[in-house]
Amino acid sequence: MLRGLYTAASGMLARVLQQERLANDLANVNTPGYKASRNVTEAFPELFVARLERAGAAPVGPVGTGAVVAEPGLDLTAGPWLETGRPQDLALAGDGFFVVMGPAGPAYTRAGNFTVGPEGYLQTPDGWPVLGTDGQPLLVGTADFTVTPDGQVQAGGVVVGTVARVTFANPAALRKAGDNLLVDPGGAGPAVPVDTPVRQGVLEQSNVDPVRTVVEMLANFRAFEASQRAVQAQDQTLGLAIQEVGRVT
């Protein structure tokens with residue numbers, strides 16, 4: 001009986017985590033380059049139950065032991081483009097990621113809403129420098145620069161570097177590291193340079209579909225309510241057992 005209580009409670013916990021993920025996606029529907037998360041709900045291993053009798057153990061069958069949310073993955077589908085005409089806004093016309101020097105080493109992003117920092121380096125809104133193909137931060141010096149489709153950056157008529165673009169054999173293994181950055185915790189494979197065309201004055205938007213996300217939130221809430229009712233049923237049954245078993249009539 002207690003096992004049933006724990007199983008139903010694990011379903012409620014899985015739905016709470018799923019709701020938090022969906023709420024976070026919805027909050028980032030207007031964040032450039034944001035990639036929606038994808039939670040995967042898995043079942044705990046089943047138990048094979050047998051009933052003990054004088055003649056031996058009679059098999060009853062498998063019993064589920066609850067659900068758990070696996071480590072969230074990413075939906076790497078490209079978001080729609082927005083023409084901004086702003087020179088610092090860049091977008092990738094295909095697979096791959098921009099490379100920036102993040103807080104713990106190289107990090108990757110599809111968010112091209114860059115700025116020019118006080119020292120003249122091209123950087124993310126959070127100040128992480130954008131790297132060139134030579135692995136060094138791109139020093140543009142001014143907001144009036146040009147990026148050609150092959151990623152070459154020209155400022156004042158001088159080529160100052162080339163925007164680094166990389167891809168991975170298994171990009172689904174990348175994980176969010178905050179500030180709209182992705183990192184490889186292991187499993188994505190080495191970063192491989194690519195020649196994905198770069199578009200200047202264009203931003204890739206979030207790939208979150210708000211309508212689909214709201215529908216998922218409603219369905220998830222219904223599933224939470226179902227698990228909640230299962231917990232209440234188990235609790236009532238347990239209460240009756242405590243009150244009735246052993247009562248002297």
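**Entry 1. The largest nonpolar core**

I began with the largest nonpolar core, which has 17 residues; Leu 90, Leu 122, Phe 145, Val 147, Val 153 and Val 163 touch the most other members. The elements that contribute two or more residues to this core are β8 (90–92), β9, β13 and β14. I took a nonpolar core to be a set of buried Ala, Val, Leu, Ile, Met, Phe, Trp, Tyr and Cys residues joined through side-chain atoms within 4.5 Å. Buried stands for under 20% relative accessible area, exposed for over 50%, and partly exposed for values in between, with a 1.4 Å probe and protein chains only. Helices (H or I, at least four residues) and strands (E, at least two) are DSSP runs numbered from the N terminus. I also noted another core that lies apart from the largest one, with twelve residues, among them Tyr 108, Leu 131, Leu 174 and Ala 188.

**Entry 2. Basis of the values**

I worked from a predicted model, in which local features need pLDDT of at least 70 and side-chain atom pairs count only at pLDDT 80 or more, while totals for chains, interfaces and linings use all residues. Residues are numbered from 1 along each chain as its sequence is written, and side-chain values use heavy atoms, with hydrogens and water left out.

**Entry 3. Core members one by one**

I looked up the contacts of Leu 90, where contact means heavy atoms within 4.5 Å. Leaving aside neighbours within four places in sequence, Leu 90 is in contact with residues including Phe 98, Phe 114, Leu 122, Val 147, Val 163, Val 198 and Leu 203.

Val 147 is found in strand β13. I count Val 147 as buried because its relative accessible area is 6%. Beyond neighbours within four places in sequence, Val 147 contacts Leu 90, Gln 152, Val 153, Val 163, Val 198 and Gln 200.

Val 163 lies in the loop between β15 and β16. Its relative accessibility is 1%, so Val 163 counts as buried. With neighbours within four places again set aside, the contacts of Val 163 are Leu 90, Phe 98, Leu 131, Thr 133, Leu 138, Val 147, Gly 151 and Val 153. Val 147 and Val 163 are 16 residues apart along the chain, and their C-alpha atoms are separated by 8.4 Å.

**Entry 4. The sheet β13-β14-β15**

I traced an open sheet of three strands in the order β13-β14-β15, with antiparallel pairing. Its edge strands, each pairing on one side only, are β13 (145–147) and β15 (158–162). From one strand to the next the twist averages 25°; axes are lines fitted to C-alpha atoms, for helices over the stretch in contact, and angles run from 0 to 180 degrees between N-to-C directions. Strands pair if DSSP finds at least two bridges between them. Three bridges link β13 and β14 (residues 152–155) in the antiparallel sense, and Val 147 stands opposite Val 153 in β14.

**Entry 5. Strand β9 and its partners**

Five of the six residues of β9 (residues 97–102) are buried. On pairing, I found two bridges to β16 (residues 165–167), the two strands running antiparallel. Phe 97 has Val 166 as its bridge partner in β16. With β10 (residues 105–109), β9 pairs in the antiparallel sense over five bridges, and Phe 98 stands opposite Thr 109 in β10. A hairpin of two residues joins β9 to β10.

**Entry 6. Domains and record annotations**

The domain assignment, automatic or from a database, gives domain 1 (1–29 + 39–72 + 208–246) and domain 2 (81–204). I noted 43 Å between the C-alpha centres of domain 1 and domain 2.

I then consulted UniProt, whose positions are given in the numbering used here, with feature names shortened and annotations that may be inferred rather than shown by experiment. An unreviewed entry there lists "domain: Flagellar basal body rod protein N-terminal" at residues 5–35; that stretch is 74% helix and 0% strand, with end C-alpha atoms 36 Å apart. UniProt (unreviewed entry) places "domain: Flagellar hook protein FlgE/F/G-like D1" at residues 91–155. Residues 91–155 are 0% helix and 37% strand, and their end C-alpha atoms lie 19 Å apart. UniProt (unreviewed entry) also gives "domain: Flagellar basal-body/hook protein C-terminal" at residues 199–243, a span that is 76% helix and 11% strand with end C-alpha atoms 72 Å apart.

**Entry 7. Ser 227**

Ser 227 is buried because its relative accessible area is 16%. Neighbours within four places in sequence aside, Ser 227 is in contact with Ala 8, Gly 11 and Met 12.
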